[in-house]
Amino acid sequence: MKISYNWLKQYINVELDPERIAEILTSIGLEVENLEKHQAVKGGLEGVVIGEVLTCEKHPDADKLSCTTVNVGSGEPLPIVCGAPNVAKGQKVLVATVGTTLYFGDDEVKIKKAKLRGQPSEGMICAEDELGLGKSHDGIMVLPADAVVGTPAKEYFKLEDDYQLEIGLTPNRIDAASHFGVARDLAAYLAQESEVKALRPSVDSFKVDNTSRTIPVEVKNAEACPRYTGVTISNVKVAPSPEWLQNRLRVIGLNPINNIVDITNFVLHEIGQPLHAFDADKIEGGKVVVSTLPEATPFVTLDGQERKLNAEDLMICNATKGMCIAGVFGGSESGVSESTTSIFLESAHFNPVWVRKTARRHGLNTDASFRFERGSDPNITVWALKRAAMLIKEIAGGEISSEIVDVYPTPVKDFDVTISLKRVTSLIGKEIPLATIKRILSGLDIAIVSENGDTLQLVVPPYRVDVQREADVVEEILRIYGYNNIEIPEKVNASLSYSTHPDKNKIVNLASDYLTGMNFNEIMCNSLTKASYYDGLTTFTPENVVKILNPLSNDLNGMRQTLLFGGLETIQRNINHKSPNLKLYEFGNCYKFTNIENADNALKKYSEELRMGIWITGDRAEETWTGKSQQVSFFMLKGYVNALLKRFGYDADSLEAVEAPDDVFDYGLQLMDNGKPVVWFGLVNSKLRDALDIKPEVFFAEIRWDLLTAQAGKVKIALKEIARFPEVRRDLALLIDSNVEFAQVRKIAFATERKLLKRVNLFDVYQGANLGTNKKSYAVSFTLQDETKTLTDNQIDKTMDNLVKAFQKEIGAQLR
């Protein structure tokens with residue numbers, strides 16, 4: 001949210017510089033993320049002064065140039081060569097002196113001493129477009145004769161520099177989504193030291209000129225629209241807004257449109273109440289109806305797009321059709337145009353839930369919906385209507401031609417809150433004087449209706465939708481009093497806590513340290529994702545997505561079933577930013593919906609599981625003078641996975657390996673423990689990569705971390721002395737059937753020799769026609785060691801003979 005410094009000071013009489021105001025606002029919970037100077041004219045007309053043309057003669061060597069001398073109020077008159085056709089002796093003009101910088105769009109020109117066709121020129125007589133004061137370039141600007149020579153242009157035109165404060169407004173603080181709302185908080189803070197109060201402009205002078213055009217209002221859905229007010233203004237003239245109003249809007253990033261629309265925007269950002277102006281002549285039947293329309297009714301909005309309405313979209317209608325999506329977006333046929341002469345001005349309070357759902361359904365996010373869906377002030381609608389009507393009369397002319405129509409069947413009640421001063425002290429950690437508490441509450445429009453010893457009975461206005469409990473009030477007191485004013489205590493009270501075994505956080509940190517040490521980067525992706533990612537998948541079906549009922553957008557309308565897509569989005573973003581070599585990991589929860597029939601508890605349909613994702617893509621090592629670059633591979637990822645499994649108690653070779661699901665992977669493995677998948681990894685399916693426009697291969701692994709954590713709890717670490725006796729290696733070349741896997745060879749070996757066999761490794765695989773049909777050759781190494789003595793040749797030979805016999809018996813192996 002953007003706030004104008006000069007605009008803010010209209011509601012609070014303080015002389016504080018913008019930096020100090022930004023510091024105060026940040027300290028009271030309205031964090032100022034950016035402070036930027038805003039000039040009404042780029043450059044601020046620095047170096048531009050009023051001058052008088054003393055002489056003007058034709059340039060001796062150029063027909064279209066004139067040689068002038070100009071008095072700028074200081075020193076000798078300046079010789080200036082001018083190309084404007086309207087320059088003449090005796091004129092009062094604007095002169096950019098030497099050293100002045102002029103701006104032409106994104107380009108800038110610095111005025112220097114020069115010679116033009118042999119004649120000296122020490123400045124520039126300016127046209128309005130050259131100074132940013134207009135668009136005309138027909139000739140130089142000629143000022144009235146009473147303009148004082150030497151007066152800075154900035155002073156003459158009364159240009160006002162401003163500052164834009166950009167506030168990172170949290171969702172609960174919609175009461176501060178306006179200049180007056182910010183001024184109210186600022187005044188509450190400053191009131192602790194002096195008598196400061198935020199004052200909004202008076203509307204006491206509002207009066208109805210006549211009642212010649214009253215437009216009745218019928219609210220058919222009071223739940224969706226608790227309050228609706230309106231007034232008619234006739235004989236207005238739609239035209240550009242005055243400069244002061246345009247400047248106010250430009251500072252906060254809004255483009256001026258016309259005086260009527262600009263006034264509604266002005267009041268919105270002044271007080272926080274959205275308004276809408278209808279062309280009264282386009283209200284068919286002369287009546288406003290607030291209701292819903294049938295499902296799929298077509299409606300064309302201001303942006304020219306036809307939208308199909310939902311049966312629960314609240315609409316502002318005339319007697320025959322819809323004119324506006326209530327609280328969200330106007331229609332193309334009922335808005336104010338240059339030909340408008342009469343308007344119906346709307347100021348309403350809409351149900352936040354209705355507005356939020358409608359805005360999300362249609363993918364719309366407007367200044368009005370932003371405020372309505374967070375909760376507007378039902379008690380400010382009439383004031384805002386009067387304020388806007390008075391400004392329209394002042395700027396656009398016209399007359400107020402109806403009484404204010406106010407449909408408010410059930411007034412919204414204030415919030416009643418009781419607080420205990422002891423509880424305030426307990427939560428804050430410091431006793432704040434009662435007088436200070438009362439002053440803070442008064443500054444925040446929270447009234448004290450009664451005091452009973454330690455207890456205060458409060459009434460909180462309904463626009464403070466986030467202050468409904470005692471703790472909320474305490475938080476308000478604390479943020480205005482100042483977090484920095486709470487002293488750090490000399491002692492800290494704590495209770496002993498015992499960590500569970502295994503310590504989940506410790507295990508996560510161990511895995512993170514390992515991968516970070518291997519040059520991985522940790523990422524954190526949103527648990528909310530695009531539900532359409534799962535369309536067409538069988539491993540993660542669309543039916544299992546936990547759907548969000550009121551999603552922020554269609555890209556965040558479901559909860560993730562896997563970490564895969566968040567990582568792919570990260571990879572896509574990095575590749576687009578020319579960072580293609582990536583090693584990433586993430587810990588995150590994944591969610592699943594299972595439609596269990598007749599579930600006694602609705603929560604049983606939902607499950608949540610912690611998982612770890614690993615992604616690698618691009619080059620594993622950059623090209624150097626010693627060698628070429630190397631691409632990441634499946635076996636590189638397998639090495640990281642095996643290392644993690646081993647570190648936390650799993651022997652990857654002992655787990656059952658099956659093919660990974662082909663809708664997720666082009667190829668890969670899924671390791672199972674007693675029928676439960678522990679990890680799946682492989683090359684991400686090309687269709688999934690194509691959907692995100694990722695060209696390079698991406699290898700992905702996902703570990704079910706809860707299973708790994710449980711396994712880690714079974715691991716017992718024991719220390720033993722390093723063996724003093726040597727290892728012995730023997731190799732075998734085994735001719736086996738092509739369907740035999742190394743895991744079987746390894747399992748048979750360790751089952752045959754449990755004491756001396758330490759390691760089994762496959763170091764070569766050969767397949768060829770000379771071996772026979774459906775045959776292959778494994779070259780396998782066996783490492784033997786006796787930790788109590790040196791092995792003899794007889795022991796080694798006997799062990800190897802036993803292994804050969806076992807291979808022959810179990811898998812029909814032959815020695816080559």
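User: In which helix is Arg 746 found?

Analyst: This is a predicted model, in which local features need pLDDT of at least 70, side-chain atom pairs count only at pLDDT 80 or more, and totals for chains, interfaces and linings use all residues. Residues are numbered from 1 along each chain as its sequence is written, and side-chain values use heavy atoms, with hydrogens and water left out. Helices are DSSP runs of H or I with at least four residues, and strands are runs of E with at least two, both numbered from the N terminus. Residues 742–752 form the helix that holds Arg 746, and this is H19.

User: Why does Arg 746 count as buried?

Analyst: Buried means under 20% relative accessible area, exposed over 50% and partly exposed in between, with a 1.4 Å probe and protein chains only. Arg 746 counts as buried because its relative accessibility is 16%.

User: Which residues does Arg 746 touch, not counting those up to four places away in sequence?

Analyst: Contact means heavy atoms within 4.5 Å. With residues up to four places away set aside, Arg 746 touches Asp 651, Asp 653 and Val 760.

User: Which element gives the most to the lining of the largest pocket?

Analyst: On a 1 Å grid over the protein atoms alone, a pocket is an open set of points with protein on both sides within 12 Å along at least five of seven lines, a cavity is a set where a 1.4 Å probe fits but cannot get out, and lining residues have an atom within 4 Å of a point. The largest pocket holds about 920 Å³ of space, a volume being the space filled by probe spheres set on grid points joined across faces, edges and corners. Helix H16 (634–647), strand E37 (656–659), strand E38 (665–673) and H19 each give two or more residues to its lining. The most, six residues, comes from E38.

User: How many charged residues are in the lining of the largest pocket?

Analyst: Ala, Val, Leu, Ile, Met, Phe, Trp, Tyr, Cys and Pro count as nonpolar, Asp, Glu, Lys and Arg as charged, and the others, Gly among them, as polar. The lining of the largest pocket has 14 nonpolar and five polar residues, and its charged residues number 10.

User: Which helix supplies the largest share of the lining of the second largest pocket?

Analyst: The second largest pocket has a volume of about 690 Å³. Among the 29 residues that line it, those closest to its centre include Val 261, Asn 265 and Leu 302. The largest share of this lining is four residues, and they come from H7.

User: Which residues of H7 is Leu 391 in contact with, given that Ile 263 is one of the H7 residues that meet H10?

Analyst: Leu 391 lies in helix H10 (residues 381–396) and is buried, with a relative accessible area of 7%. H7 residues that meet H10 include Ile 263, Phe 266 and Val 267.

User: What is the volume of the largest cavity?

Analyst: A search of the whole structure finds one cavity of 30 Å³ or more. Helix H8 (residues 352–362) gives the largest share of the lining of the largest cavity, three residues. This lining has six nonpolar, two polar and no charged residues. The volume of the largest cavity is about 30 Å³.
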